[in-house]
Amino acid sequence: MSSRLQNQVAWISGAASGMGEGIARLFAREGAAVALVDVQAAKGQVIAEQIRAAGGRAIFIECDVRSESAVRSSIEQTVREFGGLNSIVNCAGIVQVKLLHELDEADWDRLMDINVKSIFLSIKHGIAHLKKNPRSYVVNIGSIGSFISQGSTPAYIASKGAVLMLSKSIALDYAADGVRCNCVCPGITDTPMLREHLNATADPEATLRNRLRRVPMGVPLTPHDIARAALYFSCEDSAGVTGTSLVIDGGYLAAAEWEHPGKTRFMDPQ
Ligand SMILES: NC(=O)c1ccc[n+]([C@@H]2O[C@H](COP(=O)([O-])OP(=O)(O)OC[C@H]3O[C@@H](n4cnc5c(N)ncnc54)[C@H](O)[C@@H]3O)[C@@H](O)[C@H]2O)c1
């Protein structure tokens with residue numbers, strides 16, 4: 001077990017699946033005590049148990065991040081259980097594929113509450129704990145959609161733009177307190193969210209292949225790729241870095257137009 005997060009306590013939302021799960025597992029391997037926060041209790045419990053079985057420290061807390069009282073009590077439980085809080089990772093998120101005129105008000109509010117309001121709530125109730133440490137960390141998961149738009153996802157794109165700017169605002173307001181806040185912006189990443197999206201199309205594998213033609217590396221990212229970026233921002237490897245973003249996208253944002261040549265060495269089995 002490595003120890004870049006020795007003695008740290010991390011509250012991680014969306015930790016029952018995909019990137020959040022990857023972040024929880026990596027942070028635990030690096031020595032952090034991790035609170036896995038999610039609405040998916042059965043999956044979250046299993047991951048927490050697996051982390052403990054591997055020698056890590058983990059609890060699962062069932063929490064809907066749209067609810068202020070639930071977020072507050074999940075943070076209080078984390079502090080009670082592990083004796084403090086150094087690190088908040090806001091990873092819970094959903095996507096909706098609907099044009100604006102097809103969205104009803106409840107759709108819009110649900111997405112904004114999960115993707116954006118949850119960050120406000122976690123900081124509102126976590127900041128007093130973060131400020132008790134000489135160094136603390138906030139990582140918010142944005143998207144390439146924090147920088148560019150994609151078709152038929154207006155609420156999602158608006159939310160991810162907001163995540164990036166909210167991260168900058170948090171960075172400014174709490175820098176003097178020793179809290180750094182940064183935004184990790186993933187491209188196409190192979191998680192249950194992506195699979196659900198693909199499975200809604202007639203030929204999921206063909207849809208994925210088609211989408212990856214826009215990616216210079218030609219492969220989807222893995223949750224572990226994203227977790228490593230979150231780790232970088234959550235320890236002193238990134239000392240001096242705050243209010244910025246790290247795009248992990250296989251080159252997607254590097255070009256306005258691109259079609260990869262059919263194969264890259266990143267596709268070779270390791
Ligand atoms: N997969 C991608 O290609 C991709 C790309 C860019 C950004 N992202 C972002 O990465 C983050 C993680 O996504 P993922 O791909 O791992 O998806 P995922 O669906 O695998 O995981 C998201 C998790 O968030 C949880 N969640 C949803 N609503 C919640 C709520 N109200 N309260 C608590 N937890 C809730 C889900 O239960 C799930 O466990 C999201 O913010 C997403 O927008 C994903």
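Which crossing does helix 3 make as it passes helix 4, right-handed or left-handed? I started my notebook with that one, keeping in mind that this is a predicted model.

**Entry 1: the helix pair**
I looked up the crossing, and helix 3 passes helix 4 in a right-handed one. Next I wanted the two values used to describe such a pair. Two packed helices are described by the angle between their axes and the distance between the axes. Here helix 3 (residues 68-82) and helix 4 (residues 105-130) pack at about 35°, and their axes are 9 Å apart. I then listed who makes the contact. Helix 3 brings Glu68, Val71, Arg72, Ile75 and Val79, while helix 4 brings Ser118, Leu121, Ser122, His125, Gly126 and His129. By class, I get 4 nonpolar, 5 polar and 2 charged residues in this contact.

**Entry 2: around the ligand**
I turned to the ligand and found 28 residues around it, of which Gly14, Ser17, Gly18, Gly93 and Met193 come nearest. Helix 1 (18-29) and helix 6 (192-199) are the elements that give two or more residues to this shell. I also sorted the shell by class: 15 residues are nonpolar, 10 are polar and 3 are charged.

In soluble globular proteins, nonpolar side chains tend to be buried together. Leaving out residues up to four places away in sequence, alanine 230 touches Ile23, Val89, Val139 and Val184.

Asparagine 7 has a positive phi of about 70°, although it is not a glycine. I count asparagine 7 as partly exposed because it has 13 C-beta neighbours inside 10 Å.
Serine 152 is not a glycine either, and its phi is positive at about 60°. I found serine 152 in the loop between strand 5 (136-141) and helix 5 (154-174). Serine 152 counts as exposed because it has 12 C-beta neighbours inside 10 Å, and the cut-off for exposed is 12 or fewer.

**Entry 3: valine 46**
Is valine 46 buried or partly exposed? I located valine 46 in helix 2 (residues 41-53). Valine 46 is partly exposed because 13 other C-beta atoms lie within 10 Å, and buried would take 20 or more. I also checked valine 46 against isoleucine 94, which is 48 residues away along the chain; their C-alpha atoms are separated by 22 Å.

Terms used
Residues numbered from 1 in each chain as written. Predicted model: local features only at pLDDT ≥ 70, side-chain atom pairs only at ≥ 80, totals over all residues. Helix = DSSP H or I, 4+ residues; strand = E, 2+ residues; numbered from the N terminus. Near = placed C-beta within 6 Å. Nonpolar A, V, L, I, M, F, W, Y, C, P; charged D, E, K, R; others polar. Contact = placed C-beta atoms within 7 Å. Axes fitted to C-alpha atoms, helices over the stretch in contact; angles between N-to-C directions. Left-handed = near helix turned anticlockwise from the far one by under 90°.
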